[in-house]
Every structure is written in C-alpha cells, then in structure tokens.
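Thank you all for coming.

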Amino acid sequence: MELTARKKQILKVVTERYIDAAEPVGSKFIAQAMGGAVSSATIRNELADLTELGYLEQPHTSAGRVPSPKGYRLYVNELMERRSVSDQEAAQINEALGGKMRELDSVIAQAGQMVSSLVSYPAYAAAVGKSSVTVRRYDLLPVDQESFIAVVMTDDSRVRSQLLRSQLPVGAEQLSALANLLNTHFTGAGGAEMGEKLMGLTGQLPPEMFMPLSAAIEYASAVIDQSGRNQVFAAGQTQLLRQPEFQDPIRADGLMSLLTDQRAELPVLDADTPMQILIGPENVNEALKDASVVVASYDIGDNMRGLIGVVGPTRMDYAAVAARLSYFAESLSKMFGKGNQLPPKEDDKS
C-alpha cells in the first residue's frame, strides 16, 4: 500500500524526533511540528494507520509512537534528507588523514578509531578482496650472533617483523647475503612455492646459512597465511553504552561481544556496493537485531578494497552517519590512489 503524503510527513516527523530525543513521539508534538495544519484527531488516526501498517510501534498503551524497522527503511529510502559534510567536519576528517600512514594495517586500525570519534558510535574496519598474498621484500637485521630480526613486507603493504633465533652463529655479512638471496629468489611466491625453493637449496648452503634462511622462510610463510585472512579492527565499543537503548547490560551484552570477540562476523559489502544501510532484523547476525549498521567501501588498489562500518541503535542519525562515512571512504580512496590527495567537499565539486 502506497502511503499518502501526509502519512509520510508524519512518519518523517516521528522518526527524526525519536532520533533526537530517544522518547516516543505523541500527537501533540507532531501537530506543533506540522504548524497546526492538521488536527490532533486526524494525526491520531494517521498514527493508528501507520501502526497497523507496521511503520510505527507503540511501546506502551498510553505512550506515543516510535519507528519500526519497516518505518526506518522507508525513511532511509524516501524521506531522509541527503546531507554533505560541513566545512568543520571536512576539515576534521582531512586533518585526521593528513599524516602519512604507510602500513596498511595502521591505516585500517586508525580508520576505525577516526570514524568512531566522528560519529560517536562504535566503528569497524577491514581490508578485503586479495586472496593471494606474496612477499614483496625481506630485511634481516642483526641483533647478536645467535639472533636477528626478520622484516617481511607483503604485496598488500603489510609489514611484519619478529626476532628469530639461529642455532649456529650468524654474522652481519651473512645476514646481508641471505637478505639478497631472499629478495632475489623468494619474493612474489606463495608459502608452498617458497618451501619447494628452500628444499632445492638443501646441501647447497652451509648449515650456518641454511638454518637462518629456513627460519626466515618459515616466518614469511606464517605472515602470508595470516595476511590472507581478513582482519577486522573495531573501535569505540564503549560508545554503545552511552545510548539509552543499550544502557541495560543484558541487552548490550551480545552486541558488545560481537564487536569485541566476533568481529569477523560483522557485515561486509558486495564488491559493487559503495554503501549499505542495514536496519535491525535486516542484519543476519542475531546480536544486531536491535541495531543498525552503515558500511561503506573504499579503494585500496591492487585488487583490494577497505570497509568502514558504523554500528549503532536503530535510532541512529542515518543522514549524518552516511554523509560522514561517505566522505571518509572517498578520502581514503583518494589517499591510496593519489598520494594523500583528499577529495573536495560536495559543495566544491563541479
């Protein structure tokens, strides 16, 4: 059933008032918001119709109305005014991204923290899309004669390092030679291929060279295996407890556990979807049935994309969150693709 213009206007008033105040909205407020053009009796009839149609809910018999997930969906799709970020918000985002974050994991982790501070809701971030990861570069740094630090950079710009031990003494010159060997023959290959190449060197290198080489390859294989898994960073989980809906610890427990311990189960986007808003039961995960998620993607390059998501109550300010998240995602795409060049504000685009 297609709603009349008046019903849509009332739904819009109820939704935006509930977003602001977190309290059920009554007919008296709606009448004032509509400038007295519609009588309270007519508004009460329209509220009853919207409730019967499933767009509004009545928490208590004598209370006002609140939007249902169906009502929020209509609001987001048709009634919500699209916003662009303000000059102050754009400056805040540009300043936050102004530093040169070279390592991919650092960018992802910091992105989640930045978005959470911008929207005052929990946020999460991840990189997805690249299924095959290889090593781009090795560095071996001496510590003492029986230990060294292996530094591994993968082709998705992740950098890992670990202290490794050698059963036989190994000097700085030997480590330099091994680093050259690794960068010449063990880059651009997966773990299995590196293992085969290492076995081919058995007997060709003295033990004091082969053993640290084997340790470095074993570590690089572990790095590749870990990099191939999507790592999700979450930030601002405690922001959730500031929302009236989640001040009850029992109600907040499942969502807090999801954000803290089961982050890999948070929603992701299809490859061709720049942004998506999931409201209440539209989320697959049971812990999100009383929450909403706004998630956006950005281009990292090298067949990879990043995801930034915001988790909050179904009462979240969708227009503000979507505007900030969209600008932030576009900023990250520009930063990865054009050397930290940040996008103009919406009003400045030609």
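What we have here is a predicted model, in which local features need pLDDT of at least 70 and side-chain atom pairs count only at pLDDT 80 or more, while totals for chains, interfaces and linings use all residues. Residues are numbered from 1 along each chain as its sequence is written, and side-chain values use heavy atoms, with hydrogens and water left out.

Let me start with the helices, which, like the strands, are DSSP runs numbered from the N terminus (helices H or I, at least four residues; strands E, at least two). Helix α1, residues 5-21, and helix α4, residues 69-79, have axes that come within 10 Å and cross at roughly 105 degrees, the axes being lines fitted to C-alpha atoms over the stretch in contact, with angles running from 0 to 180 degrees between N-to-C directions. The two helices are therefore roughly perpendicular, a label that covers 65 to 115 degrees.

Strand β4, residues 135-144, pairs with β5 in the antiparallel sense over 8 bridges, and D139 stands opposite V151. On β5 there are also 7 bridges to strand β6, residues 159-165, again antiparallel, with F148 partnered by L164. Finally, strand β5, residues 147-154, is mostly covered, as 6 of its 8 residues are buried, meaning under 20% relative accessible area with a 1.4 Å probe and protein chains only.

Note on methods:
Parallel < 35°, antiparallel > 145°, perpendicular 65-115°, else oblique. Buried < 20%, exposed > 50% of the residue type's maximum accessible area, 1.4 Å probe, protein only. Pairing = 2+ DSSP bridges.
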